[in-house]
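Me: I'd like to learn how to read a few features of a fold. Could you walk me through this one?

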Amino acid sequence: QILFQPIYHIITNTIMSDISASTQAIRATAILSLLLWTKVLAVNTGLGGAKNNAGGRAPEDTYQKSSNDVTDEAKVAQDRAQRMVNNDLENIPYTMALAWGSVYCISAADRGGTEVGESYALAHIVMYSVFVACRIAHSVVYSRGWSTARSLVWAVGVLCSFGIAINGAIASFKIP
């Protein structure tokens, strides 16, 4: 119970407070975007290390391993890290743009006093949270070579991307 007490206070003081649903969605989107961008930075840093170990950096980077010292394992690790970065580039920027556009529509609908903003805001927070969790999980399972799990978390993430876009589009029709 002591372990969960701080989590309970965070939830009750932020999510379940008197703050409007759209403000909660904006805050959640900001925090989740920061978390997602931190993950992107970590994966990109991993690619830099993999390139260093495989001799795949620019020629002027003399601190990298020479082509004579590179193992096949290092080359495979570099290829895997590059594919992880590419997959992030194919998914994350677009969904972040969709999330911010969606939260704008939700906020505008909520300002109009329609009282429908709460359900759209909650759906947005849930779907963007699941998307971020899927992208983090995707990096973990991709790095371990678990193809079925990778495909599953990718598919759930893509469904969340569409859900975020659809939720925002529907909310836009509630803007007065």
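Me: At what angle do helix α2 and helix α4 pack?

Reply: Helices here are DSSP runs of H or I, at least four residues long, and strands are E runs of at least two, numbered from the N terminus. Axes are lines fitted to C-alpha atoms, for helices over the stretch in contact, and angles run from 0 to 180 degrees between N-to-C directions. In this predicted model, where local features need pLDDT of at least 70, side-chain atom pairs count only at pLDDT 80 or more, and totals for chains, interfaces and linings use all residues, α2 (residues 21-54) and α4 (residues 117-144) pack at about 10°, with axes 9 Å apart. Residues are numbered from 1 along each chain as its sequence is written, and side-chain values use heavy atoms, leaving out hydrogens and water.

Me: Roughly parallel or roughly antiparallel?

Reply: Under 35 degrees counts as roughly parallel, over 145 as roughly antiparallel, 65 to 115 as roughly perpendicular, and the rest as oblique. So α2 and α4 are roughly parallel to each other. Contact means heavy atoms within 4.5 Å; Leu32, Leu36 and Val43 of α2 are among the residues making it, as are Tyr128, Phe131 and Val132 of α4. The contact residues split into 13 nonpolar, eight polar and three charged, with Ala, Val, Leu, Ile, Met, Phe, Trp, Tyr, Cys and Pro taken as nonpolar, Asp, Glu, Lys and Arg as charged, and the others, Gly among them, as polar.

Me: Which residues make up the largest nonpolar core?

Reply: A nonpolar core is a set of buried Ala, Val, Leu, Ile, Met, Phe, Trp, Tyr and Cys residues joined through side-chain atoms within 4.5 Å. Buried means under 20% relative accessible area, exposed over 50%, and partly exposed in between (1.4 Å probe, protein chains only). The largest core has twelve residues, including Leu32, Leu36, Phe131, Val132 and Cys160. Two or more residues each come from α2, α3 (72-111), α4 and α5 (147-172), and α4 gives the largest share, four.

Me: What does Cys160 touch?

Reply: Leaving aside residues up to four places away in sequence, Cys160 touches Met127, Val130 and Phe131. Cys160 is buried, at 9% relative accessible area.

Me: How many disulfides does a search of the whole structure find?

Reply: A disulfide is a covalent bond between the sulfur atoms of two cysteines; here it is called when the two sulfurs lie within 2.5 Å. The search finds zero. The sulfur of Cys134 is 5.6 Å from its closest cysteine sulfur, in Cys160, which is too far for a bond. Cys134 also counts as buried, at 9% relative accessibility.
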